[in-house]
Amino acid sequence: MKLKMMYSFLNSDLTIIEEALEETVQAESPLLHQASLHLLKAGGKRIRPVFVLLAGKFGNYDISRIKNVAVSLELIHMASLVHDDVIDDAELRRGKPTIKAKWDNRIAMYTGDYIFARALELMTKIEKPFAHQILANTLVELCIGEIEQIKDKYNFDQNVRNYFRRIKRKTAILIAVSCQLGAIAADVSDDVHKKLYRFGYYVGMSYQIIDDVLDFTGTEKQLGKPAGGDLHQGNITLPVLFAMKNEEIREKIKKVHAATEREEIEHIISLIKDSGAIEKSLKVSDNYLNKALEILNELPHNRAKKTLRDIANMIGKRKF
């Protein structure tokens, strides 16, 4: 079953989310509006809004209220992508030119800032101070994660613990709070929203590990960018860390830099794929996924719970 079929019963509400996203990035400046809309129209899985809506189904579900959380968190994710593309000097995002490529770094940075600001503005409609504390802490963690990634670029001496901490901050925490804030906006009990946070955290960790595996196993068409791009940009992921346990491969990987020829990157990709590092990484992803599924067992039974289980399993098996 395709991912979108799993939550097809949310289609009408997701249409509302999509319309709200487009409305929220409206700007008086035509350039700012055009740049913001450029990323929005590039598409995306909208997995964070889906988690917000599903988590809301465990409580008093009201789309007119919960949509503010869903749109806000997707905007925060989008803004972080705009900034990422500047930092990584990326030309493509989802197979289309990035904002920094289509315009320039200055436009991209202010567009990202604008989208962040609109996200925070939207969250003020949720009159729950606890929710704002959670979001503020999440943004702090996101920024620390980005700084850590910059600091660790081409640092081939980092360890698996560094990697896990970084992907928690960069990816897992935003998925976790999508589940938690969606539940809080629906007035669930503390016990339920805390469990949904943990579910989202474990799914988010699995999701990012799979993403990092696909960077080596996916095609340029599937990824929307050349395979091995993370390594070429100096981002050391789990498959690389596992592959570097082989001293011969480690020496080759340590020579990678921004100007490394494409042919050499492709050779290293082959070495990593043949080293068993992909299989080891997938096993770690499975461990996180199993933890997420165990937590689901503790939640009340409803359609949303089954859908969360289906999505989690799909994430663990996705090919791109």
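**Figure 1. Overall view of the predicted model and its confidence.** Among the elements of the protein, helix 11 (residues 220-223) has the lowest mean pLDDT, 68, whereas helix 13 has the highest, 97. The model is predicted, and the protein averages a pLDDT of 91, with 97% of the residues scoring at least 70. The protein contains 17 helices and 2 strands. Its radius of gyration is 19 Å, close to the 20 Å that the globule rule gives for 320 residues, so the protein is as compact as a globular protein of that length. The C-alpha trace spans about 55 × 50 × 35 Å along its principal axes. Of the 320 residues, 53% count as buried. Among contacts between residues at least 6 apart in sequence, 76% join residues at least 24 apart.

**Figure 2. Helix 7 and the elements that cover its buried residues.** Helix 7 comprises 19 residues (105-123) and reaches 27 Å from its first C-alpha to its last, close to the 27 Å expected at 1.5 Å a residue. At its N-terminal end the helix is capped by Asp104, a side-chain oxygen of which lies 3.1 Å from the backbone nitrogen of Arg106. The buried residues of helix 7 are Ala108, Thr111, Gly112, Tyr114, Ile115, Ala119, Leu122 and Met123. Their cover includes helix 2 (11-24), helix 3 (30-41), helix 5 (63-88), helix 6 (99-102), helix 8 (129-151) and helix 9 (160-185).

**Figure 3. The largest nonpolar core and the surroundings of Leu231.** In soluble globular proteins, nonpolar side chains tend to be buried together. The largest nonpolar core of this model has 100 residues. Those with the most contacts inside this core are Phe51, Leu181, Phe199, Leu231, Ile253, Ile272 and Ile311. Neighbours within four places in sequence aside, Leu231 is in contact with Tyr154, Phe156, Asp215, Phe216, Ile236, Val240, Ile253, Val256, Ile268 and Ile272.

**Figure 4. Asp84, a buried acidic residue.** Asp84 lies in helix 5. The residue counts as buried because its relative accessibility is 11%, under the 20% cut-off. Neighbours within four places in sequence aside, Asp84 is in contact with Arg93, Glu146 and Lys170.

Figure 5. Asn246 counts as partly exposed because its relative accessibility is 37%. A polar atom of the Asn246 side chain lies 2.9 Å from the backbone nitrogen of Glu248. Asn246 and Ile272 are 26 residues apart in sequence, and their C-alpha atoms are 9.7 Å apart in space. Ile272 is one of the residues with the most contacts inside the largest nonpolar core.

**Figure 6. Loops on either side of helix 9, with Tyr154 and Asp187.** Tyr154 lies in the loop between helix 8 and helix 9, and Asp187 in the loop between helix 9 and helix 10 (190-217). Tyr154 has a positive phi of about 55° although it is not a glycine. Asp187, likewise a residue other than glycine, has a positive phi near 60°. At 27% relative accessibility, Tyr154 counts as partly exposed; Asp187, at 41%, also counts as partly exposed. Tyr154 is among the residues in contact with Leu231. Within helix 9 itself is Asn162, which counts as partly exposed at 23% relative accessibility. The C-alpha atoms of Asn162 and Val25, 137 residues apart along the chain, are separated by 35 Å.

Note on methods
Residues numbered from 1 in each chain as written. Predicted model: local features only at pLDDT ≥ 70, side-chain atom pairs only at ≥ 80, totals over all residues. Heavy atoms only, no water. Helix = DSSP H or I, 4+ residues; strand = E, 2+ residues; numbered from the N terminus. Expected span 1.5 Å × (residues − 1). Buried < 20%, exposed > 50% of the residue type's maximum accessible area, 1.4 Å probe, protein only. Contact = heavy atoms within 4.5 Å. Polar contact = N/O pair within 3.5 Å; in protein donor to acceptor, adjacent residues only side chain to side chain. Core = buried A, V, L, I, M, F, W, Y, C linked by side-chain atoms within 4.5 Å. pLDDT = per-residue confidence, 0-100. Rg over C-alpha atoms; globule rule 2.2 N^0.38 Å.
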